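Let's take a friendly walk through a protein model together. Please have a look at the sequence and the 3D view before reading on.

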Amino acid sequence: MVFDLIVLGGGPGGYLAAERAGHAGLSVLCIEKNALGGVCLNEGCIPTKTLLYSAKLLDGAAHGEKYGVSAEGLKLDHTRVMARKDKVVRTLVSGVNATLKANNVTVVKENGVITGKDAQGYTVQAGGETYTGKRLIIATGSSPAVPPIPGLKDGLESGFVMTNREALQLKELPQKLVVIGGGVIGLEMASYFNSVGVSVTIIEMLDHIAGANDADLVAILQKNYEKKGLTFHLCAKVTEVKADGVCYEKDGAAAFAPADKVLLSIGRRANTKDIGLESIGVALERGAIVTDAQMRTNLPDVYAVGDVNGQSMLAHTAYREAEVAVNTILGKADSMRYNAIPGVIYTNPELGAVGETEASATQKGLVFDVVKIPMRFSGRYLAENEGGDGVLKLIVDKEKQTVLGVQALSNYASEFIATAVTFVETEMPLEEIKKIVFPHPTVSEAIREAIFQY
Ligand code: NAI
């Protein structure tokens with residue numbers, strides 16, 4: 001059968017593209033080898049947030065005295081936490097199945113491989129069948145990067161070393177967990193395991209955790225976690241993974257971090273192998289599919305959305321890219337912009353960010369001002385964060401008088417950063433933002449406060 005569109009991959013990029021295209025009346029086939037929902041729903045965003053919510057409840061109760069709440073016999077049942085996580089995932093995955101069905105998308109649960117192009121379109125083989133699509137959207141996602149560290153592969157094979165996938169299936173809690181890589185996955189997983197009583201050590205090769213996030217906020221976040229008992233080894237190079245821990249070098253000296261489980265979280269690589277890209281000649285750069293602002297590849301009618309194009313490995317980026325690709329197919333003018341993509345680390349406190357940081361604005365030679373305020377300026381923050389040291393930073397374009405970026409270390413930062421996204425995306429003048437009424441009391445008011453302090 002010839003489809004108007006074949007979508008390869010059913011994660012956030014793929015399923016949303018299929019849904020939008022089906023909704024618009026195209027005949028759509030979505031090919032997914034595992035469960036619909038991809039990494040995000042099945043082994044990433046959603047399951048971690050489910051776990052982290054249980055950890056947050058536990059933390060809140062355990063440290064409730066300062067709020068006049070005391071609890072005895074407090075315990076977390078990891079098995080029940082995991083069971084609830086599975087239930088949440090099942091509900092959402094079945095929701096995606098139902099939505100695709102409602103939008104007349106044909107779903108094939110098989111491994112799909114592009115095999116070439118004929119007069120009718122691009123051919124894809126899946127489960128012994130050959131399907132043809134007038135257009136293709138490649139949305140095959142990414143996989144954990146596995147560097148050539150001695151012992152790592154063996155560790156992964158034996159189960160001693162986990163990626164996010166195995167960590168989210170863990171039946172029993174380890175006593176000692178070593179996390180290789182202090183980025184988003186490392187920090188979120190470390191946060192859960194630390195809350196539930198596991199001794200956690202993070203080994204990070206850079207001199208800071210949390211990647212390109214604002215250095216001041218990241219330093220406060222690290223201090224918060226050190227107080228909670230997490231150990232950080234920064235500027236540390238992993239040299240070998242042994243059967244009982246991780247060898248690393250720091251300041252020229254060899255060291256060893258004992259572990260009964262290791263989590264590998266040093267970044268992800270686009271899934272461009274074994275999907276037949278070479279059969280049609282899709283251009284790659286550093287292992288990811290090259291795309292333009294309409295998500296077009298170098299080939300006519302072939303698009304790539306989500307992690308596979310390596311632009312910004314986030315589910316919400318994939319969603320928007322999917323919409324841009326489908327709009328382009330439908331002949332509607334649309335373009336992808338990456339300057340206002342929010343990033344959140346769901347630690348406790350959360351780190352929410354959008355747009356330029358002081359460092360990135362400096363690097364780009366932008367002319368800007370910085371306003372830095374303690375989150376204590378917000379009454380709601382103070383009410384809920386006894387002794388909290390959260391901070392909000394606002395980066396202002398000096399000439400245009402618009403918001404270039406906002407970074408916040410605070411509870412609810414994941415939610416209220418969306419407000420800042422609007423300001424960065426629309427380049428709304430500060431004078432206009434000042435006329436907007438924010439609900440009171442909310443932590444989001446810190447953004448407004450920072451603007452008035454400028
Ligand atoms: P990441 O890029 O966020 O962090 C990897 C960290 O590992 C970096 O700090 C890096 O310096 C360090 N590293 C690299 N090689 C190392 C080595 N040999 N030894 C020690 N440290 C090393 O990657 P991560 O955490 O694996 O996440 C992957 C992707 O998943 C990211 O692109 C992220 O955006 C996405 N993600 C997003 C989440 C969110 O939005 N909340 C949650 C989880 C993942």
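Val-396 has Val-403 in E24 as its bridge partner. You are looking at a predicted model, where local features need pLDDT of at least 70 and side-chain atom pairs count only at pLDDT 80 or more, while totals for chains, interfaces and linings use all residues. Residues are numbered from 1 along each chain as its sequence is written, and side-chain values use heavy atoms, with hydrogens and water left out.

**The antiparallel sheet.** Strand E23 (residues 391-397) pairs with strand E24 (residues 402-410) in the antiparallel sense over seven bridges. Two strands count as paired if DSSP finds at least two bridges between them. Strands (E, at least two residues) and helices (H or I, at least four) are DSSP runs, numbered from the N terminus. E23 and E24 belong to an open sheet of five strands, in the order E20-E21-E24-E23-E22, with antiparallel pairing. Why is one side of E20 and of E22 left without a neighbour in the sheet? Strand E20 (343-345) and strand E22 (368-374) stand at the edges and each has a single partner strand, so one side of each has no neighbour there. From one strand to the next, the twist averages 10°.

**The parallel sheet.** Another open sheet has five strands in the order E8-E15-E9-E10-E11, and here the pairing is parallel. Its edge strands, E8 (161-162) and E11 (231-233), each pair on one side only. Strand E9 (residues 176-180) and strand E10 (residues 199-203) share five bridges, and Ile-180 stands opposite Ile-203 in E10.

Axes are lines fitted to C-alpha atoms, for helices over the stretch in contact, and angles run from 0 to 180 degrees between N-to-C directions.

| Helix | Lies across | Angle |
|---|---|---|
| H7 (residues 184-195) | E9, E10, E11 and E15 | about 165° to E10 |
| H8 (residues 215-227) | E21, E22, E23 and E24 | about 5° to E24 |
| H15 (residues 445-453) | E22, E23 and E24 | about 130° to E22 |

Which helix gives the largest share of the shell around the ligand? Helix H7 does, with four residues. Of the 19 residues around the ligand (a heavy atom within 4 Å), Ile-185, Glu-188, Glu-204, Gly-267 and Val-344 come nearest. A polar backbone atom of Val-184 is 3.2 Å from an oxygen atom of the ligand, and a polar contact is a pair of N or O atoms within 3.5 Å.

Conventions. Contact means heavy atoms within 4.5 Å. A polar contact is a pair of N or O atoms within 3.5 Å; within protein, one must be able to donate a hydrogen and the other to accept it, and residues adjacent in sequence count only if both atoms are side-chain atoms.
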